[in-house]
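Q: I have just opened this structure and would like to learn how to read it. Could you walk me through its features one at a time?

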Amino acid sequence: MPRCDHCLLEFPEREAVYDEIDGTTQVFCCNGCRGIYRLIYEEGLDKFYEKREWKNAGIQPSIFDKEIDIKPFTEYVRDVEDRIQNTEDRGQKEIDIYIDGIHCASCVWLNEKILMKTDGVRYARVNYATHRARIRWSPETIGLEKILKRIASIGYNPKPYSESEQFKIQRAEARDILIRFGTAAFLSSQLMIYSIALYAGYFQGIEPSIRRMLEVIAAILTVPVIFYSGMPFIRNAIAGIRHLNFNMDALITIGAGSAFIYSTYQIFTGGKVYFDTAAMIITLILLGRYIEINAKGRASQTIEMLSELIPKEATVIVEEQEIKTVPISSIKKGDLIRVKPGERIPLDGIVVSGESEVNESIITGESNPLLKMIGNEVIGGSMNLYGTLIFEVTKTGKDTVLSGIIRAVEDAQAEKPRIQRLADRIVGIFVPLILFIALLTVILHLRGGSTTQSALMTGISVLVIACPCSLGLATPIAVLIFTAITTSKGILIRGGEVIENVSRLTHVIFDKTGTVTIGRPVLKEMVVFDNDLNKEYLLAAAASIESLSEHSIGHAITEAAKGFNLFGVSKFEAFPGKGVEGVIDGKSIAIGNRALMKEKGAADLSFRLSDEVALQFENKGDTAIFMLWHGMVKALFIISDMIRDEALDVVRGLKEMNFHISIVSGDNIITTNSIASVINVDNTISEASPVSKKEIINKVQQKGHRVMMVGDGINDAPALTEALVGIAMGRGTDIAMESADAVLVRNDLRLIPYFIQISKKTYSIIKQNIFWAFFYNIVAIPMAMAGILHPIVAAGAMALSSLIVVGNSLRIRRLAGVS
């Protein structure tokens with residue numbers, strides 16, 4: 001008889017499996033040994049065979065490798081130069097792929113481990129909830145094809161990742177499981193009729209021929225449940241065992257398979273049969289799997305919903321006003337796009353013609369329609385409501401705001417909080433440990449005098465009650481729901497770790513300009529000194545002259561006069577650092593600061609009176625601009641960077657949550673303290689540079705505080721990076737995701753306390769999930785070992801364990817006030 005070249009067992013020659021390795025024909029007892037033999041070589045563990053003097057040369061591709069067409073993948077490969085801060089890692093490539101065949105946390109663990117052991121792969125992260133893998137590699141060391149073959153070699157199927165592909169696969173998987181569950185449930189219900197008759201017969205007596213007939217019918221009903229409904233479990237278990245990876249499906253397959261095989265044996269020996277146990281294990285776990293897949297699908301609908309906002313075609317205005325409908329992929333920067341009422345705006349741009357209201361709620365969370373006129377920005381994916389707009393495209397493809405939002409949501413869902421890493425490490429050893437415990441349980445019960453059938457049923461209970469899936473689901477489902485909620489509110493999250501970090505915060509530091517204030521000067525107040533002149537005339541005259549200036553203060557005055565009829569201006573002149581002058585109706589009007597007033601001959605009394613009023617405002621941090629003609633100051637324009645309406649309530653709310661509040665600004669001390677006093681902030685630091693802001697946060701955190709920094713995301717980048725949690729303000733067009741942990745797409749400070757609350761609630765849910773997963777396994781496995789739980793009860797409990805984690809995670813929506 002031949003001997004297997006891997007396991008050294010002898011076997012009949014008719015069962016031999018041959019393979020040529022190193023020019024030598026090797027013989028194996030099964031395909032599993034042949035696959036493991038090759039895998040050992042591929043993993044660099046060839047010393048295992050050194051004593052047999054085999055040489056590791058000319059290894060053929062693994063039998064589990066298959067030819068993979070990489071063309072569909074290449075369009076998704078991207079450079080990561082702009083995302084890698086470590087100069088040693090420059091030049092890397094990155095791709096997102098969909099891994100088909102992932103069914104439990106052990107699958108995730110195996111794929112991550114096998115990829116990270118691959119030479120040249122720098123980063124690998126697999127999301128259990130979405131099956132998306134993000135892989136980063138060095139192209140000088142390894143190519144994409146080898147990486148994909150590496151995944152295929154362990155029994156999984158890599159596919160190009162796109163939002164539409166992902167959801168199509170998820171829906172197909174859900175539909176397949178529903179059909180399999182429906183089949184199993186129908187047959188199991190029929191099986192129970194015969195099983196009840198058999199159980200009654202065991203206690204009250206039954207004719208042997210009738211009992212044999214009922215047992216055969218039960219076996220026939222069980223076969224489709226095991227080999228059709230349970231085939232996904234069997235297939236994945238075999239693929240895992242081939243590579244010595246015992247996953248969750250291995251526990252299910254061994255448990256249900258043992259009950260089926262043992263019952264078939266008992267038909268011929270006259271013992272009790274447990275076909276109902278085998279069928280119900282498959283049925284109950286399929287039910288749990290179906291509910292779990294649907295929950296994951298609902299939780300990840302945000303990306304699908306956002307990706308569906310982008311129209312497939314757009315109406316382009318070409319030369320000589322010709323209009324053409326073209327695919328969205330063919331549009332370039334600078335193209336003119338026409339959008340009619342009721343159509344979605346396809347790309348980001350600036351309005352060049354028309355006026356309309358636009359609904360941006362699904363992107364920014366702003367519920368009210370926004371007026372769009374010439375010069376206003378529009379965001380791709382938003383809905384044009386009433387008028388026709390023509391806009392010039394400024395961003396296409398992955399550079400658009402919507403693409404950035406989708407990318408940010410995907411990144412956040414891919415990242416794992418630190419608390420999940422412990423669960424991941426346990427999952428890696430969980431299934432082999434359970435297999436050992438189940439075997440040990442059977443042995444101990446047999447040695448303790450139990451019957452074979454009793455010991456076997458107890459071992460099966462241990463197999464099917466163990467649940468690493470609840471550990472694997474504890475964080476991903478909660479993070480999916482969290483990111484869906486925050487995105488709908490206009491908060492973009494960069495990574496899952498922010499959830500954990502927010503729960504540790506003690507101190508919130510605000511930048512002033514653009515954060516506490518609106519970030520641009522506006523006309524706060526007008527003071528008129530000549531009672532013969534009305535305010536509207538003075539404002540219109542000032543706006544007429546300032547409209548010819550490019551200064552931000554001039555823009556504040558012209559903005560305040562929108563809708564006014566402006567005057568014709570002649571002899572306009574700008575005085576850098578002082579102001580402007582122009583002639584209206586024969587009057588030479590000067591608008592500017594004190595230096596310009598003195599230069600233009602302001603009368604002493606008039607200037608002195610106006611100066612005293614100006615100082616009162618300037619002591620509050622405002623800017624005073626004088627208006628002069630015929631030597632008399634006619635009016636004062638009080639310009640200010642206005643405090644956001646919600647700032648006071650937000651600070652009050654954060655104080656009620658026991659946070660320390662500070663303002664750090666690059667502005668002068670008078671302005672900074674004035675703003676702080678209005679919103680009741682006692683601790684301020686003024687005239688701080690971007691570098692000193694970072695140092696300030698570092699010093700605060702060294703004292704034991706955990707800081708959230710809220711800034712504009714550009715000038716405050718060093719401080720945002722230094723803080724435990726960095727929040728960037730922005731309408732989504734200037735997202736600084738590399739420096740901030742989260743971005744407020746909608747400039748509304750009320751999102752900050754909401755974000756803190758929902759983060760804390762989510763983190764609490766995650767901790768509850770992980771506690772439950774540990775508690776369940778710690779309590780349930782010993783009960784199964786003691787023989788207290790029947791395998792059917794154990795299967796139901798295992799499915800229920802995952803459902804409790806999913807259901808608890810869905811509570812985040814209710815706690816966040818989302819229906």
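Q: Which residue stands opposite V351 in β16?
A: V351 stands opposite F391. Strands here are DSSP E runs of at least two residues, helices are H or I runs of at least four, and both are numbered from the N terminus. Two strands pair if DSSP finds at least two bridges between them. Strand β11 (residues 348-354) pairs with strand β16 (residues 389-395) in the antiparallel sense, over 6 bridges. β11 is also joined by 2 bridges to strand β14 (residues 377-378), again antiparallel, and there I350 has E377 as its bridge partner.

Q: What should I know about the model itself?
A: It is a predicted model, where local features need pLDDT of at least 70 and side-chain atom pairs count only at pLDDT 80 or more, while totals for chains, interfaces and linings use all residues. Residues are numbered from 1 along each chain as its sequence is written, and side-chain values use heavy atoms, leaving out hydrogens and water.

Q: How many helices and strands does the chain have?
A: The chain has 28 helices and 29 strands. Of its 819 residues, 53% count as buried, meaning under 20% relative accessible area with a 1.4 Å probe and protein chains only (exposed is over 50%, partly exposed in between).

Q: Where does T400 sit, and is it buried or exposed?
A: T400 is in the loop between β16 and α12 (401-414). It counts as buried because its relative accessibility is 7%. A polar atom of the T400 side chain lies 3.2 Å from the backbone oxygen of G397. Contact means heavy atoms within 4.5 Å; leaving aside residues up to four places away in sequence, T400 touches L347, D348 and K395.

Q: What is the strand order in the open sheet of 6 strands?
A: The order is β19-β24-β23-β22-β21-β20, and the pairing is antiparallel. β19 (517-528) and β20 (570-575) are at the edges with a single partner strand each, so one side of each has no neighbour in the sheet. Inside this order, 3 bridges join strand β22 (residues 587-592) to strand β23 (residues 623-629), where A590 stands opposite L628.

Q: What is a nonpolar core, and which residues have the most contacts inside the largest one?
A: In soluble globular proteins, nonpolar side chains tend to be buried together. A nonpolar core is a set of buried Ala, Val, Leu, Ile, Met, Phe, Trp, Tyr and Cys residues joined through side-chain atoms within 4.5 Å. The largest here has 52 residues, and F275, I282, I434, I465 and I781 have the most contacts inside it. Helix α9 (residues 275-299) gives the most to this core, with 8 residues. Not counting residues up to four places away in sequence, I434 touches L251, V462, L463, A466 and I781. A second, separate core has 47 residues, including A676, V710, L751 and I756.

Q: Which residues are buried in α7?
A: In helix α7 (residues 231-242), the buried residues are P232, F233, I234, N236, A237, A239 and G240.

Definitions and conventions. The expected span of a helix is 1.5 Å times one less than its number of residues. A polar contact is a pair of N or O atoms within 3.5 Å; within protein, one must be able to donate a hydrogen and the other to accept it, and residues adjacent in sequence count only if both atoms are side-chain atoms.
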